[in-house]
Amino acid sequence: MSDDRDDPCAAPAHAGGVDCSAVLLQLWEYLDGELGQERMRAVRTHLALCSKCYPQYDFEKAFLEALADCRCTTCAPTDVRCRVMDALRRAGFTPGQVTAG
Ligand SMILES: [Zn+2]
C-alpha cells in the first residue's frame, strides 16, 4: 500500500485525472478538438505534467501541422516531408505501415 510512496511515476501517470494510456489513445481526438470540454482540460493538464506523454503529443501536433502546411501549399515542401518522415521513424512508424483511421 505504501510501496508507491516514492514512485516518481505515480503522480504523473494520473495527472489531470487520466492515466497515460487513456491520454495516448485520445491524443488525435484531442488535437482535433473532438473531445468534450472536460476531457480536453483533463488531457491538457496531463500533458503539461507528464514528461512521458508530452513528446508523443508534441510529435503528433508537429505531424498535423506538417499536414496542414501541405494543404495550404498543395504540394509539400521537401523539408516538411523530411521532417514528417523523420518524426515518424523516430516514433517507430514505418512508411507504408501507417494506416488511416
Ligand atoms: Zn502520461
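**Ground rules**

The model is predicted, so local features need pLDDT of at least 70, side-chain atom pairs count only at pLDDT 80 or more, and totals for chains, interfaces and linings use all residues. Residues are numbered from 1 along each chain as its sequence is written, and side-chain values use heavy atoms, with hydrogens and water left out.

**Overall build**

The chain has 101 residues. It contains 6 helices and 0 strands. Along the sequence the pattern reads α-α-α-α-α-α. Helices (H or I, at least four residues) and strands (E, at least two) are DSSP runs, numbered from the N terminus.

Of the residues, 25% count as buried. Buried means under 20% relative accessible area, exposed means over 50%, and partly exposed lies in between (1.4 Å probe, protein chains only).

Contacts also tell us how the chain folds back on itself. Contact means heavy atoms within 4.5 Å. Take the contacts between residues at least 6 apart in sequence: 59% of them join residues at least 24 apart.

**Confidence**

The predictor's confidence in each residue is called pLDDT and runs from 0 to 100. The chain averages 79, and 73% of the residues score at least 70. Among the elements, helix α1 (residues 10-13) has the lowest mean pLDDT, 57, while α4 has the highest, 94. Over residues 1-10, pLDDT stays under 50. For that stretch the model has 1 contact beyond four places in sequence.

**The zinc site**

Which residues coordinate the zinc ion? They are Cys20 (SG), His46 (NE2), Cys50 (SG) and Cys53 (SG), at 2.0 to 2.3 Å. Donors are N, O and S atoms within 2.8 Å of the metal (3.2 Å for Na, K and Ca); water is not among the atoms, so sites may look incomplete.

The angles among the 4 donor atoms are 106 to 113°, and the site is tetrahedral. Four donors count as tetrahedral if all angles lie between 85 and 135 degrees. Four count as square planar and six as octahedral if opposite donors are over 155 degrees apart and all others between 65 and 115; anything else is irregular. For four tetrahedral donors, the ideal angle at a metal is 109.5 degrees.

Along the chain, the donors follow the spacing C-x25-H-x3-C-x2-C.

Cys50 counts as buried because its relative accessible area is 4%. Cys53 is buried too, at 0%.

The structure holds 0 disulfides. A disulfide here is a pair of cysteine sulfur atoms within 2.5 Å.

**Two nonpolar cores**

A nonpolar core is a set of buried Ala, Val, Leu, Ile, Met, Phe, Trp, Tyr and Cys residues joined through side-chain atoms within 4.5 Å. The largest core has 13 residues. Val23, Tyr30, Leu35, Val43, Leu47, Cys53 and Tyr57 touch the most other members. The elements giving two or more residues to this core are α2, α3 (27-32) and α4. Helix α4 gives the most, with 4 residues.

Leu47 shows the packing. Leaving aside neighbours within four places in sequence, Leu47 is in contact with Val23, Leu27, Tyr30, Cys53, Tyr54 and Tyr57.

A second, separate core has 7 residues, including Phe59, Phe63, Ala87 and Leu88.

How accessible are some other residues? The table lists four.

| Residue | Relative accessible area | Class |
|---|---|---|
| Arg39 | 32% | partly exposed |
| Lys61 | 27% | partly exposed |
| Gln26 | 15% | buried |
| Asp79 | 52% | exposed |

Arg39 lies in helix α4. Beyond four places in sequence, Arg39 touches Val18, Ala22 and Gln26. Its C-alpha atom is 9.4 Å from that of Gly16, 23 residues apart along the chain.

Gln26 sits in the loop between α2 and α3. With neighbours within four places set aside, Gln26 is in contact with Leu35 and Arg39.

Lys61 belongs to helix α5 (residues 54-73). The C-alpha atoms of Lys61 and Asp32 are separated by 9.7 Å. Asp79 is in helix α6 (residues 78-90). Its C-alpha atom is 9.9 Å from that of Ala66, 13 residues apart along the chain.
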